[in-house]
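User: I would like a close look at one part of this model and what surrounds it.
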Amino acid sequence: MTHVTHTFGPWFDEQSRVLVLGTMPSPKSREDGFYYAHRQNRFWKVLPALYGLPSLVGDIEAQKRFLTEHHIALWDVLESCDIQGASDASIRNPVPNDMNFILTRAPIQGIFTTGTKAGALYRRYCLPACGREAVTLPSTSPANCAVSLEQLCERYAVIRQMAEKEKIEKGK
């Protein structure tokens, strides 16, 4: 068990409409300094696929451009915790991030967590402080092999719908 502190900040701007939250960066993400860096994590395959784009695995600058262009913010539920490797199941002594840091700076319309552990931690530690519900989506981790890439894309489509909601409403 290792005590880990989040080593990089949230990715968002004043136009972000969707907030996607993991639990805590993996060792590879902490090493690379950005979210979902492990090459076998399917996050950077799923999100671009929602827009008909190719995988962004391994290209942090392209990932950042993608997030900004599509009004998606990324962060994690936890600021620090004790964890073994990248195992969410091993998390002990969690300290949450203050979601109001983003929620007071960006017009977030929807909050989503990637995986059941992130969802449970959010409900326990963040929801009481910010009062904003989050939708729990399946984990994109390679450990969640029961859910196919196609199924992940189907479930994550709600992110694109929420990110584009304002644009669609203005077009009416």
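Which residue follows α3, and is its phi positive or negative?

Analyst: This is a predicted model, in which local features need pLDDT of at least 70 and side-chain atom pairs count only at pLDDT 80 or more, while totals for chains, interfaces and linings use all residues. Residues are numbered from 1 along each chain as its sequence is written, and side-chain values use heavy atoms, with hydrogens and water left out.

The residue after α3 is H71, and its phi is positive, near 60 degrees. Helices (H or I, at least four residues) and strands (E, at least two) are DSSP runs numbered from the N terminus.

Helix α3 spans residues 60-69, and its A62, Q63, F66 and L67 are buried, meaning under 20% relative accessible area with a 1.4 Å probe, protein chains only. These four lie on the same side of α3 because they cover an arc of only 135 degrees around the axis, taken from the directions from the helix axis to the C-beta atoms. Their cover includes α2 (43-49) and β3, where contact means heavy atoms within 4.5 Å.

Strand β3 belongs to an open sheet of 4 strands, ordered β3-β2-β6-β7 with parallel pairing; two strands pair if DSSP finds at least two bridges between them. Both β3 (72-76) and β7 (135-137) are edge strands, each pairing on one side only.

In β2 (residues 18-22), which 4 bridges join to the parallel β6 (residues 110-114), L21 stands opposite T113 of β6. Leaving aside residues up to four places away in sequence, L19 touches, among others, A73, L74 and W75.

Definitions and conventions: Buried means under 20% relative accessible area, exposed over 50%, partly exposed in between (1.4 Å probe, protein chains only).
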